[in-house]
Structure formats: C-alpha cells, structure tokens
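Here is a colleague's note for someone opening this structure for the first time. Please keep the sequence and the 3D view at hand while reading.

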Amino acid sequence: MTDVDGAMGRAITASLGARGISSPNPPVGAVILDVDGAVAGIGHTSAPGGAHAEVNALAQAGSRAAGGTAVVTLEPCNHTGRTGPCTEALIAAGVREVAYAVADPNPLASGGHRRLEDAGVLVQGGVRAGEVSSGPLREWLFRQKHGRPMVTAKFAASIDGRIAAPDGTSQWITGDVARGRVHDERAQLDAIIVGTGTVLTDDPTLTARNPDGSLRRHQPMRVVVGLSEISPQARIFNADARTLQVRDRDPNRVLAALGDLANVQIEGGSRLLGAFFAAGLVDRVQAYIAPLVIGGGASAVVDETVQTLTQGHRFVTQSAETLGDDVLLTLTATR
C-alpha cells in the first residue's frame, strides 16, 4: 500500500536542503515510491541551472520509478526554463501516480496537473498543503504573491529591549544555544541585511558557522545598506560569502536591489530595523530575549514615526521557544 502522506513528510524534510541554495527557484522536495510503495528516490531542487527536485529523485530511483508514485511538495512544472519540464521527465519515467502539496502559482510554470492527467497519470493535489505552504515554501510563495522578498527582523535583546549596554558592549547578550540557532537560521537565508553603522561598529563576518567555527555549506549573501564608506578590509568583504553594498536608505529601494531573492533577514542596526518597520516591510520578527536587565544603552529598534501606542507595529505570536536560558519569540505580521 502506498503511504502518500508519509512520503510527503519525507519530501518536506528533503526540501529543507534546498532552502537558500535554490533561489530564485522554489525549495522543493520529491520522493519516488516504487510499485510496492517503497522509497526508491529522494531529491530536492539544485542550485539555479541544476536539476529540479523531481529529476534528482528520478535519477536516484532509476528504473524503479516505472509504475510508481511521485510525491512532490510543489506541483510539477510544465515549462522549459533553464531545465526541461518536470512533467515530461515524470511521464518519460513511467510514473503512474503523482501527489503534490501546493499548486504552482506562477502562470509560466503552472499546468503540470493537467499535463500529467492528459498523459494518463493519476494526480492528487493538496496533500499536506498547509504544512508546506507555511513551512519550506513560505517565503517563495510570499514572493510570488507580493513581488518582493519576505523580510524577517532579527535581534537579540535583554528583557528590557536593549541590544547593548551604555558603554557599547553587546557580546554576548544571549547564550550558546541561542547563538547556535541563529547560525541554523542563517544557513537557510538568501541574504542578511545590515546597516553601515553595524559594520563600522562591530566589523561582523555575517556568515553561517558550525559550532567549531567552520563555515556552513550555504552562505547567504551579505548586504550592507547606507551611505557611509566601509573599508575594503572590513571582514564583511572577505571571501567567505558574496557581499553587496546598497548605497541607499530607502527600504523599498533596498529590496528592489536584491533582485529575485525570496528570504532575507535584517540583523541591525536599530535604525535600519526601524526604517523597515516604519515602511511596513517587516513580515516576521525573531526576537532572542535574554534573562537580563541592562537598564540603559541601545534599543533594539528605533522608529521615530511611532509617537503613541496606537501607532506601534503589532504582530501575532507564532511561537515561543526556550533556547537554554533564553527565549526565541517568532512573530508574524497581522496584515
């Protein structure tokens, strides 16, 4: 018996391996089950120009795909871009059934469901759709709908909202577990955005690292925003990752300069964060809160457009997670 639901769970897990590396293509996962329902192949989207998830899974499955079932997190594409249509690859492999989670909203790539049915393949859509659309495909689907990246504002602060003491010290407000989680999150991003003030003050590398300090497999692009001159010897310009300097302060123009990226995170400073909040361009907040009261020093966010409580930017709590002694609050915009 074919366990489509269980296979979709494996496809979702596989898709996580494509987060960050697949943009502008969606991070898709695929599983091929043979005629007996056993897993024959698993794949995810490669870097741009490489194979899509279905093709990678089919390559692993080989002849066992014939008469089997393909389980994919996104409706198989039906167009030729840098690679051929995944629908044709599935048909050529002799797959008998296809199950997918989310319909492709891109009109250039949609139509896979109908093409497969026209070829005699049994097709089922909507399998664990909510889990996929709010998980691995969330940022890509957001971009398809809004025409811009999904923006996360991230900061680490004391319980009174301070990111540094009055003397400027800020390392480390949160503990090892929380900092490890930051690097886990960075490894799935398309880009990290900071202001020139942060670079001049902290000289950060803005890389995703393992606990031993080595670099993760995927590094997000580093984006420096602002008009101040940055020394070419700053660590943000090292060879560990790509760096883009955007000589502008307008949040909309900053996002436009990023091209077709889907998943970006602002990590400071407080005025840059405030500008994105004021522009209504923060879609998610990740606030790492330490059990610490500082009482003075720099605030996490500075937004001078807010003069009264009703002008504040309200969010919905998605989750609250304990990380060692710290708490990670993940919030989403109410719009």
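This is a predicted model: local features need pLDDT of at least 70, side-chain atom pairs count only at pLDDT 80 or more; totals for chains, interfaces and linings use all residues.

1. In helix H7, which spans residues 176-186, the buried residues are Ala-178, Val-182, His-183, Glu-185 and Arg-186. Around the helix axis they cover an arc of only 160 degrees, which means that they lie on the same side of H7. An α-helix has 3.6 residues a turn, so residues three or four places apart point the same way. Among the elements that cover these buried residues are strand S6 (150-158), strand S7 (191-195) and strand S11 (284-290), together with strands S12 (315-323) and S13 (326-333).

2. The structure holds 19 salt bridges. One of them pairs Arg-148 with Asp-283, whose closest N and O atoms are 2.8 Å apart. Because Arg-148 lies in the loop between helix H6 (138-146) and S6, and Asp-283 in the loop between helix H10 (270-278) and S11, the pair ties together parts that are 135 residues apart in sequence. Arg-148 is buried, with a relative accessible area of 15%, and Asp-283 also counts as buried, at 5%.

3. A salt bridge also joins Arg-271 and Glu-304, with 3.3 Å between the closest N and O atoms. Arg-271 belongs to helix H10 and Glu-304 to the loop between S11 and S12, so this pair ties together parts that are 33 residues apart in sequence. Both Arg-271 and Glu-304 are exposed.

4. Salt bridges that share partners join Arg-181, Glu-185, Arg-284 and Glu-321 into one network. Of these residues, Glu-185 is also one of the buried residues of H7.

Technical notes: Residues are numbered from 1 along each chain as its sequence is written. Side-chain values use heavy atoms; hydrogens and water are left out. Buried means under 20% relative accessible area, exposed over 50%, partly exposed in between (1.4 Å probe, protein chains only). Helices (H or I, at least four residues) and strands (E, at least two) are DSSP runs, numbered from the N terminus. The arc is that of the directions from the helix axis to the C-beta atoms. Contact means heavy atoms within 4.5 Å. A salt bridge is a side-chain nitrogen of Lys or Arg within 4 Å of a carboxyl oxygen of Asp or Glu.
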